Amino acid sequence: MASEQKENQRKEEKRMKKNMKKNMKKIMALLLTVTLSLGLYGCGSKNDKTESGTSTAAESDTSAAATDGSEKKTLVIGDTTFNPSNEELDVNPHNSYSGWACIRYGIGETLVKYSDDMELQPWLAKEWENTDPLTWKITLQDHVTFSSGRAMDAEAVKQCLEHLLANHDRAAADTKIDSMEADGQVLTIHTSEPKPALLNYLGDPYGCIIDVDAGFDDGIVAGTGPYIATDCQSGDHLTLVKNENYWNGTPHIDELTIKTITDGNTLANALLSGEVQAAYGMAYESYPMFENDNFTFSQISTSRCFFLKMNFNEGSVCTDPAVRKAIAMGIDKEGFVENLLEGNGYPANGTFPAGSAFGGDKVTTETYDAEGAKKVLEEAGWTDKDGDGIREKDGQKLQIKWLTYPSRQELPLLAESAQATLKDIGIDVDINCTADNNSVVQDPAAWDVYAMANVQAPTGDPEYWFTVFATSDATKNQGAYKNEKLDQLEEQLSQEFDTDKRAKLAVEMQQTVLDDNAFVYCSFLKMSQISRANVTGYTAHACDYYQVTADLDIN
């Protein structure tokens, strides 16, 4: 009874501290908002009124006189993700992960798109048919032109996909395209083996259809989207103008700038001051500043996961199964989400969010258990003989080299949380949070755990994640994880057309990597996009694409 009362008292104290912390943040947010507002009023403005009843210099500058005397609409979006650290080197979809910038910012479009339920929908393709296990017949939309002026027909799409297969590091293995035939608006694709998820893969950002003949100068391409890139400097800015000949609606913004601001707090100040009018990647602690009528939130649950990848290369301490298991038991997922993410996420169990036929609610994994983790390490011979709080074995200190990067604000927070909870069980965590993560991860001696963020099912299908991260020949298996059972299951999954059977295989594959503690899935993201109240059409989507569309506008 006494222990129960003590536990209840501890919970009540924790609740009170949390409420005090939230109230303090709201007070600080209010003070900062007032301070910035006073500063802006002091500077003066061309306009004294906006829809929200406030006045800022930036809002008054969102429209300027065009050369023809009409009002020119301009908009600046602050974004933490458009930078080389995220492998978005430009907007060429055939270059690494740059397709994300191409599709997010309205430059390129794919043959299919995804609903917020991650169901396939027509886009540049108006219909498709799997005529036999190796053949797909795709009928394209009529009257679509690239921003270069070239008509989009089957020959142009065939040329684009051929260039993709020859230049992209994942596309050929993903799609298994063997040959293609073009006839007017009909593209016929033949695969070298049955590929049930072909259309899902062609909806990946690398599948943006571009005019190859228009070239790739400075990483800029000619797509079919509502906006045209005119200047591209990854890590700094992207300049866009509206596509006057867009096929699927009328873009409203004359000139759009994507401004890279990797620090979440700096981004918050930029939105408050009017330097940007919309933002993606805001620090959670800044949210209270925008919870008023002057701003609009668009939030949605996504499959973007913050997870750990273990290093199985010789010399890494993570080759010890006991160490991997202890790490999995030593991560406080609930505390991370509640205290550091301010509830803007939900703890992860498996590779994918709960709810779908292959969701993480179908698998079991380690839960936070500090005492259990200590026991696992003790039994494996990791003990603290010198009393410094860090365990050792055979003269080696139990230190984890933790690699991560700052452009996703959640990752440094995860490192901070893990460093504290793992220290409690006798593991020293040495954090390397660097924008040079893509180079460091190539050196197997430079890391033991790589904490990263990834959209787990960006194609609406489970196969993508395993072939990118977990199978023996996966493109991002830098930790050299190998499990023959997993490889065999992937071989079955890759050729299985029945969706129920695909889901069962994906569940078994998740359980396989979880049993090895090869990956630890910490949290999924509730993604928020924040804009000034007079900005409309800035909407978050479950797939994390489609941020800039023809609907984006300033009222």
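The lining of the second largest pocket is made up of ten nonpolar, nine polar and nine charged residues, in a model that is predicted. This pocket has a volume of about 480 Å³, and of the 28 residues that line it, N86, E87, Y97, M452 and K476 are the closest to its centre.

**Second largest pocket**

- Two or more residues of the lining of the second largest pocket come from each of α3 (99–104), β13, α12 (437–440), β19 (449–455) and α13.
- The largest share of that lining, five residues, is given by β19.

**Largest pocket**

- The largest pocket holds about 820 Å³ of space and is lined by 32 residues, of which M118, E119, F358, G460 and D461 lie nearest its centre.
- The elements that contribute two or more residues to the lining of the largest pocket are α6 (198–202), β13 (295–310) and α15, and the largest share, four residues, comes from α15.
- By class, the lining of the largest pocket divides into 18 nonpolar, eight polar and six charged residues.
- Strand β13 therefore deserves a look in both places, because it gives two or more residues to the lining of the largest pocket and also two or more to the lining of the second largest pocket.

**Cavities**

- The count of cavities of 30 Å³ or more comes to three, and the largest cavity contains about 70 Å³ of space.
- The residues that line the largest cavity are Y280, G281, M282, Y284, Y287, R408, Q409, E410, L525, K526, M527 and S528.
- Strand β20 (residues 519–532) supplies four residues, the largest share of the lining of the largest cavity.
- Six nonpolar, three polar and three charged residues make up the lining of the largest cavity.

**Helices α14 and α15**

- Helix α14 (residues 484–493) packs with helix α15 (residues 499–515) at an angle of about 165 degrees, and their axes are 10 Å apart.
- Because angles over 145 degrees count as roughly antiparallel, α14 and α15 are roughly antiparallel to each other, and their crossing is left-handed.
- On the α14 side the contact involves K485, L486, L489, E490, Q492 and L493, which meet R502, L505, E508, M509, T512 and V513 in α15.
- The residues of this contact between α14 and α15 divide into six nonpolar, two polar and four charged.

**Helices α13 and α15**

- Helix α13 (residues 463–470) packs with α15 at an angle of about 30 degrees, with the axes 10 Å apart, and α13 passes α15 in a left-handed crossing.
- In this pair E463, F466 and A470 of α13 meet R502, A506, M509, Q510 and V513 of α15, and the contact has five nonpolar, one polar and two charged residues.
- R502, M509 and V513 of α15 are among the residues that meet α13, and R502, M509 and V513 are also among those that meet α14.
- Helix α13 gives two or more residues to the lining of the second largest pocket, whereas α15 gives four residues to the lining of the largest pocket.

**Helices α8 and α10**

- Helix α8 (residues 321–329) and helix α10 (residues 370–379) pack at an angle of about 170 degrees with their axes 8 Å apart, and α8 and α10 are therefore roughly antiparallel to each other.
- The contact is made by A322, V323, K325, A326 and M329 of α8 together with A370, G372, A373, V376 and L377 of α10.
- Sorted by class, the contact of α8 with α10 has eight nonpolar residues, one polar residue and one charged residue.

Note on methods:
Residues numbered from 1 in each chain as written. Predicted model: local features only at pLDDT ≥ 70, side-chain atom pairs only at ≥ 80, totals over all residues. Heavy atoms only, no water. Axes fitted to C-alpha atoms, helices over the stretch in contact; angles between N-to-C directions. Parallel < 35°, antiparallel > 145°, perpendicular 65-115°, else oblique. Left-handed = near helix turned anticlockwise from the far one by under 90°. Contact = heavy atoms within 4.5 Å. Nonpolar A, V, L, I, M, F, W, Y, C, P; charged D, E, K, R; others polar. 1 Å grid on protein atoms, 1.4 Å probe; cavity = no way out; pocket = protein on both sides within 12 Å on 5 of 7 lines; lining within 4 Å. Points joined across faces, edges and corners; volume = space filled by probe spheres on them.
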